[in-house]
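This report describes selected features of the structure shown below, from the annotated spans to a helix pair, a chain contact and a sheet.

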Amino acid sequence: MSWGQLLALAGLGAFHGLNPAMGWLFAVARGMQERSRLVLLKSLPPIALGHLASVAIVASVVAATESVVAGNVVGIVGGIVLVAFGLWRLLSERHFRWAGMRLSTPQLAGWSFLMSSAHGAGLMLLPVLAAGATTAHADHAMPGTRMDGTPVAALEGLAAAGVHTLAMFAVMAALAVAVYEFVGVNILRRAWFNMDRLWAGVMVGAGALTIALSAN
Amino acid sequence: MTRWTPDPTFYPTPRDAAGAPAEKLAYVAAFDRAAEQPDAIAVIDTDPGSDTYGRVVGWTDLPHTGDELHHFGWNACSSALCPTAPHPHVERRYLIVPGLRSSRIYVLDTKDDPRAPRLVKEIPAEELAAKADYSRPHTIHCGPDGIYVSALGNGRDGGGPGGIAVLDHTTFDVRGQWEADRGDQHLAYDFWWHLTRDVLVTSEWGTPDMIENGIDPELLLGRQYGHRLHFWDLAKRTLVQSVDLGDQYQMTLELRPAHEPTKEYGFVGVVVSVEDLSASIWVWHREAGEFKVTKVIDIPAEPAATEDLPPALQPFGAVPPLVTDIDLSVDDKFLYVSCWGTGELKQYDVSDPFHPVEVGSVRLGGIVGRVAHPSFPDERLAGGPQMVEVSRDGRRVYVTNSLYGSWDDQFYPDGVGAWLAKIDVAAEGGLTLDPKFFPHGDEFRGRRVHQTRLQGGDASSDSYCFPSA
């Protein structure tokens, strides 16, 4: 992976971490309910783990597929999927349906996995992942990071998901602690920007970009 | 279309909601007992700075007759901020309005002209029956994953079980029956929840064939109306525990859980004890994992001369208080109790829920009292304070006077009339009737009035997922 890819993965991770629906708000609510900062902090790793699982599946599939098919097929097909999913998210007003707030740690990871998957968090990384195929032999690739063979490529996908999730975790943790300790949840009323719409827009844009880059 | 920022009427915590601005409009369910004219949603001006303050300023007739509008609610509320399935960018704009007799459910849009709600959808009784096997829809609550609607009867024959149906948040289509396992629960009426505890609570009135032709003295004295509370797992949709209050306590109706998410108690009103005609208020609470229900208020019957009583009550020589609605202020401090028989609204300080202190009272109407409104001292009022709604800041209380068509006729056989009174609340408790606010009689065009909903939300419309402190 190139530095540019790493940066993009981390940037998207930060974007996901920012979204209240991806988990930091749930961590805050759990902490407030039990009046315990520790409960808040302990909620963050399972949420990140669920997110990682959701993203890693997409990343591994993309990386493994890339190693066996022609370079631009993954980009074009993936891009089309991404545009379609993004448009559906943009036009549909349906929201994630979930009842139940008292979750065990494994359930919390499961909730995060479903939430991330329903939002297509992993799909959003497609442009970056697909770019792997074209940058693999480019000069600016980090030395020694490009590996060949399907299982190895899948591992690379996992590494990408890991970088992404680390950034997501950092932003999520910072926001959760800041809101819990200092800001208070009333901030939601003014500052909870409609991430879903922006999110869907980013997806459509990313998909189109992937197709354009891959078709070159 | 969704919004870019959350609907301004959604509040994360009860304390934030208690700081909400005063309501400018109230919506009131109005129904024609004769089923000759259509039922309607009446819109009342509640802005004290307005020239039409306290007057009916809007009126939306429904397309059918005989619906018997009763309770209703909003499509979305503060529960949209709950973190497991947040959807804060939907709008609180649709009123979900069930016909308790017709089993039809209307959806009215209040956005374009809040004074003229516009009908946008009708869910036929057949759809509710086919998809959820329910009829006689009653209470509406905006849930985390859909709109929950309680129903008194099954979708086939006027019997039970009653239960809860779920409507889609966006399309309002009936998604189906809520219960995965109802155990021996058969009677239904009200429901609400402790969202952050995954607990849903339901109460019991009677099946449609037990109530639609009036209160049945044989069933009542045979202790056949509901006397239990049911506690459910909100996530698994299964019955966890039922608590029997004792079969003398007939009709456990309105459920008012504490708004504060860290509290796990709530209040329920019992209409009448068949042993002494008293009414009572109980608190549910949890001890070592088990729910308990404890009586905290007894309201005795008032002796009366036989000739002052309607035939149904003459054998008893007393007026039962008939507690038919209660409401808890958003800050969980004051509980309002409607005594529809004796014609009194009582206010209790329930800061300590196990030791309520009566701090206010207003008398209007009543089976024997017929107390007039101070602004219309010559008009003896029928009915009594019944449906009670409290503003989010807790400073204003609205009461209407009809209970349920066929039951009105038994207890107020010379006609129940129609009135909506507003009561001002002093900061530390104490009630005063607002002399300038009393829409009544012909202003309601021959209809009777039941539930009131306040624009932007009220004390019985919203649930909160974040503690105040």
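The unreviewed UniProt entry annotates "transmembrane region" over residues 6-27, 39-63, 69-91, 111-138, 158-185 and 197-215 of chain A. UniProt positions follow the numbering used here, feature names are shortened, and annotations may be inferred rather than shown by experiment. The model is predicted: local features need pLDDT of at least 70 and side-chain atom pairs count only at pLDDT 80 or more, while totals for chains, interfaces and linings use all residues. Residues are numbered from 1 along each chain as its sequence is written, and chains are lettered from A and ligands numbered from 1 in the order in which they are written.

Two of the spans are listed here with their extent and secondary structure.

Helices (H or I, at least four residues) and strands (E, at least two) are DSSP runs, numbered from the N terminus. In chain A, helix α3 (residues 37-66) packs against helix α5 (residues 105-118) at an angle of about 40 degrees, and their axes are 7 Å apart. Axes are lines fitted to C-alpha atoms, for helices over the stretch in contact, and angles run from 0 to 180 degrees between N-to-C directions. α3(A) and α5(A) are therefore oblique to each other; angles under 35 degrees count as roughly parallel, over 145 as roughly antiparallel, 65 to 115 as roughly perpendicular and the rest as oblique.

The contact residues (C-beta atoms, placed from the backbone, within 7 Å) include Ser43(A), Pro46(A) and Gly50(A) in α3(A), and Leu108(A), Trp111(A) and Phe113(A) in α5(A). By class, this contact has nine nonpolar, nine polar and no charged residues. Ala, Val, Leu, Ile, Met, Phe, Trp, Tyr, Cys and Pro count as nonpolar, Asp, Glu, Lys and Arg as charged, and the others, Gly among them, as polar.

Between the chains, 27 residues from chain A and 35 residues from chain B take part in the contact. On the side of chain A that touches chain B, α2(A) gives the most, with five residues. That side has 15 nonpolar, five polar and seven charged residues.

Chain B holds an open sheet of four strands in the order β4-β5-β6-β7, with antiparallel pairing. β4 (73-74) and β7 (118-123) of chain B are at the edges, each with a single partner strand, so one side of each lacks a neighbour in the sheet. Two strands pair if DSSP finds at least two bridges between them. Strand β6 (residues 105-109) of chain B pairs with β7(B) in the antiparallel sense over five bridges, and Tyr106(B) stands opposite Glu122(B) in β7(B).

Technical notes:
Two residues are in contact if their C-beta atoms, placed from the backbone, lie within 7 Å.
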